[in-house]
Amino acid sequence: DAGNATELECCDGLNKCLNNWDTNDADNYFYLCLEEDCPDGNVSCSVNGTDPFREGANAKIECCDGLSECKGLWNSDEDYSFLCLTECPDTLSPTASPTARCTNGGDDPFDNDLDKEIQCCEGYESCLGPWSFNENTNETRFHYLCLEECPSNPPTTPPSPSPTSLAADAATFVPSAEGDCLLDVTFDCHVGTNDTLLCEDFPRPEMSCSECDNNELTFTYNDHSCDDSDNHQGDAFKCVDKPVCARGDEVRVSCVDDEDVVFCNCTVSEGEIVKLVSQTKLPNKATCTVTNVDSGESCQEFDFDPSGETDIMLKDRFGSLTLEGCEDNSGNNNQCLVNAEFKYFVKNSGNKNVVIAEWTRTCSDGDFREFVKDGDALAFEGTDAILLDPNNSIHAIEPAIIDVCRITDLV
């Protein structure tokens, strides 16, 4: 320990070691200069001939000043590792000396026994293009080849299987010879088309629909029985399931009052919207019937109070209908289901061109979709290769309906 505020470097041959040397204070870490290796491998830098990622070190230990970090086949197990050397060898070949092998011209730098990229030999660069064609599937495969120069004109077909000069062919996608393939993917959810209002910041609505004279109620339909009901209406709610009734893919939902005034008559499938609408106030009793569209057979019938005079809350379940929103003529409007936009951003943050051959998303409910390029826009369904240059980005916008009355993951 230097004993003053100015750091003095360790003398030649000594290792600068950081540890909690004070046995009376476990949190007091400081440096000591030692002849032997540091007990935990935590030295200030890696000396000549040592691995900066060596076993026992808590993290990468940078090479000491004047040394370079050299990648090669330093061990007999033919696996790559690093050594700190005064100078990395110019000639790379798998020998006992500190060297590394390379990929010959015309070969795929990723097609090897190590299952990782082996850099192209000197005088060649890694070129991405449609170099392979599968006659059984009639599909072209994009991959890398080591070529003297990456072609600049797009080919119409992949090269023939017979020996040819691949450099004479042209590739649409021309990456740099070296570098990383990196993509940054982000996701935003905005309410409506307002880019400033994030979905997670949208306020939860007032859950009670009993404080106003309801003239419109919004429900979602699900194939539920009366036993699935869960609401606040007590004796005002009565529900009967008709035995042996197959609903089918579509049902008709109709709701009337005691005078047979119709407030709803619509055909819906699972998860679709059902609305009860009145020009004034909805009645204090409505009878709703769920009917098989094909047979006309009644499958479920229930009575409830949609007016608001009896307690009614968002997310109340009435047989097959779940309440999602309520509105009155005074402007009160409480809604669980809100229009939104999902925005997906993909940026090429590396220094190689990237070919996006497939772009999909899966929601937390299992819903799956694909994005493809359609002119200058991105649409759904299908696949098509998209070229993304370094530092460029693309995005897709998906219209969606979100439920702000539930806390859930979206995508």
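Select Cys 255 and Cys 288 to begin: these two residues form a disulfide (a pair of cysteine sulfur atoms within 2.5 Å), with their sulfur atoms 2.1 Å apart. The link of Cys 255 and Cys 288 is right-handed, with 110° about the S-S bond. Cys 255 lies in strand E10 (residues 251–256) and Cys 288 in strand E13 (residues 286–292), and the pair links distant parts of the chain, 33 residues apart. Strands (E, at least two residues) are DSSP runs, numbered from the N terminus, as are helices (H or I, at least four). Cys 255 counts as buried at 0% relative accessibility, and Cys 288 is buried with a relative accessible area of 1%. Buried means under 20% relative accessible area, exposed over 50%, and partly exposed in between, with a 1.4 Å probe and protein chains only.

The model on display is predicted: local features need pLDDT of at least 70, side-chain atom pairs count only at pLDDT 80 or more, and totals for chains, interfaces and linings use all residues. Residues are numbered from 1 along each chain as its sequence is written, and side-chain values use heavy atoms, with hydrogens and water left out.

Next, select Cys 70 and Cys 88. Their sulfur atoms are 1.9 Å apart and form a disulfide, which is left-handed at -100° about the S-S bond. Cys 70 lies in strand E3 (residues 68–72) and Cys 88 in the loop between strand E4 (81–85) and strand E5 (125–134), so the pair ties together parts that are 18 residues apart in sequence. Cys 70 counts as buried at 1% relative accessibility, whereas Cys 88, at 28%, counts as partly exposed.

Move on to Cys 336 and Cys 405, joined by a disulfide with an S to S distance of 2.0 Å. The link of Cys 336 and Cys 405 is left-handed, with -90° about the S-S bond. Cys 336 lies in the loop between strand E17 (333–335) and strand E18 (337–348), and Cys 405 in the segment after strand E24 (393–403), so the pair ties together parts that are 69 residues apart in sequence. Both Cys 336 and Cys 405 are buried.

Now select Cys 264 and Cys 266. The closest cysteine sulfur to that of Cys 264 is in Cys 266, at 3.6 Å, too far for a bond. Cys 266 is in no disulfide. Cys 264 is buried, with a relative accessible area of 3%.

Finally, display the whole chain. The structure holds nine disulfides. The secondary structure comprises zero helices and 24 strands, and buried residues make up 37% of the 411 residues in the chain.
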